[in-house]
Amino acid sequence: MRRSLVPALAVSLTVLLAACGTSTDPASDPGAAPSASASASTPTAAEAPAEIRQGFQRSLEKSVRMDVVIKAGNQTVTMRSALDPATGGMTLDMATPEPVSMVVTADAVYVQQDKSESKRWLKLDRKRLRPDGQLAQGLDIRAQAGILGGVVSAEPAGDGRYTGVADPDKAVAAASSESERGTLRNAFKVLKTKSVPFEATLDDAGRLTLLTYTFDTAAGKVDNEMKMHSFGEPVTVTAPKASETEPAAAEMYRFF
């Protein structure tokens, strides 16, 4: 059962890496909006790509909840997560379609597959995670370099909405490490074209609240939707009781 957690977590973390934002911060991106106040007026088409990329960073200034839905043919993957960027704490519930839950604290990652199957959580020591592994990378939401890193054009569509195109190659180039670039290359290699259409919505504070995009692959289209909401609302991350956990075997760290 524990070995079967590996593909499920790989799916979720690849999704997060592919879907989420850029590691560029306002100080290092000359085209970026200097602060959230810049969103008071609608950005021009030339300013919109940087504004959208920075919108993701603004969304992570406080606690936030994130909902992700991926549809490919008759298959659907859903993820519901709550993040506290200040502490690095996170909870995640995923259906791939098999259910997997994850609780992240400062010291450990707890994973549980199908509560009806087992009440025990697998405990992974964060210090033992491979720095270049998908799990360690996926836990650093701010440092992820996803499809938003490749946004090349965006047109305002009113009410904070934008439509545009992202370039996967540019998204790979925007990644902050070679391991992240490798992960993104693997995620994007199934694409038939080097152009990914997307729609994004920013709220009045310039925060990203909705991102939808479609991957065109040889096996068909893959529709992705990410919603970010409940900004600043309390997020409680509580580790499972010791009696409900079991330490990961040494061999598990080969995968993570």
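Trainee: Before we start, what pLDDT do local features need here?
Mentor: Residues are numbered from 1 along each chain as its sequence is written, and side-chain values use heavy atoms, with hydrogens and water left out. This is a predicted model, where side-chain atom pairs count only at pLDDT 80 or more, totals for chains, interfaces and linings use all residues, and local features need pLDDT of at least 70.

Trainee: OK, how many helices and strands are in the protein?
Mentor: Helices here are DSSP runs of H or I with at least four residues, and strands are runs of E with at least two, numbered from the N terminus. Going by that, the protein has five helices and twelve strands.

Trainee: What share of the residues is buried?
Mentor: Buried is under 20% relative accessible area, exposed is over 50%, and partly exposed is in between, using a 1.4 Å probe and protein chains only. The protein has 256 residues, and the buried share is 48%.

Trainee: In which order do the strands of the sheet come?
Mentor: Two strands pair if DSSP finds at least two bridges between them. The sheet is open, with mixed pairing. Its edge strands, each pairing on one side only, are β7 (151-158) and β12 (245-247). The order is β7-β8-β9-β10-β11-β1-β2-β3-β4-β5-β6-β12.

Trainee: And by how many degrees are neighbouring strands of this sheet turned against each other on average?
Mentor: Axes are lines fitted to C-alpha atoms, for helices over the stretch in contact, and angles run from 0 to 180 degrees between N-to-C directions. For this sheet's neighbouring strands direction is ignored, and the average is 15 degrees.

Trainee: Which helix packs on the sheet, touching β7 and β8?
Mentor: Touching is a matter of contact, meaning heavy atoms within 4.5 Å. The helix also touches β1 (64-72), β9 (196-202), β10 and β11 (220-229), and its direction makes about 85 degrees with that of β7. The helix, residues 48-59, is α2.

Trainee: Is Ser230 buried or exposed?
Mentor: Ser230 lies in the loop between β11 and β12. Ser230 also has a positive phi of about 55 degrees although it is not a glycine. Its relative accessibility is 19%, so Ser230 counts as buried.

Trainee: How many residues of β5 are buried?
Mentor: In a regular strand the side chains alternate between the two faces of the sheet. In β5, Ala108, Tyr110 and Gln112 point one way and Val109, Val111 and Gln113 the other, and all are buried. So the strand (residues 108-113) is mostly covered, and the count of its six residues that are buried is six.

Trainee: Which residue in β6 stands opposite Tyr110?
Mentor: On one side, β5 pairs with β4 (residues 99-104) in the antiparallel sense over five bridges, and Val103 stands opposite Tyr110 there. A hairpin through three residues joins β4 to β5. Strand β6 (residues 121-125) also runs antiparallel to β5, with four bridges. The β6 residue opposite Tyr110 is Lys123.

Trainee: What distance separates the C-alpha atoms of Gln112 and Ser101?
Mentor: Gln112 is in strand β5 and counts as buried at 5% relative accessibility. Ser101 is eleven residues apart from Gln112 along the chain, and their C-alpha atoms are separated by 5.2 Å.

Trainee: Last one: which backbone oxygen does the side chain of Thr217 reach?
Mentor: Thr217 is in strand β10 (residues 208-217) and is buried, with a relative accessible area of 9%. Leaving out residues up to four places away in sequence, Thr217 touches Val190, Leu191, Lys192 and Val222. Its side chain gets to 2.6 Å from the backbone oxygen of Gly220.

Notes:
A polar contact is a pair of N or O atoms within 3.5 Å; within protein, one must be able to donate a hydrogen and the other to accept it, and residues adjacent in sequence count only if both atoms are side-chain atoms.
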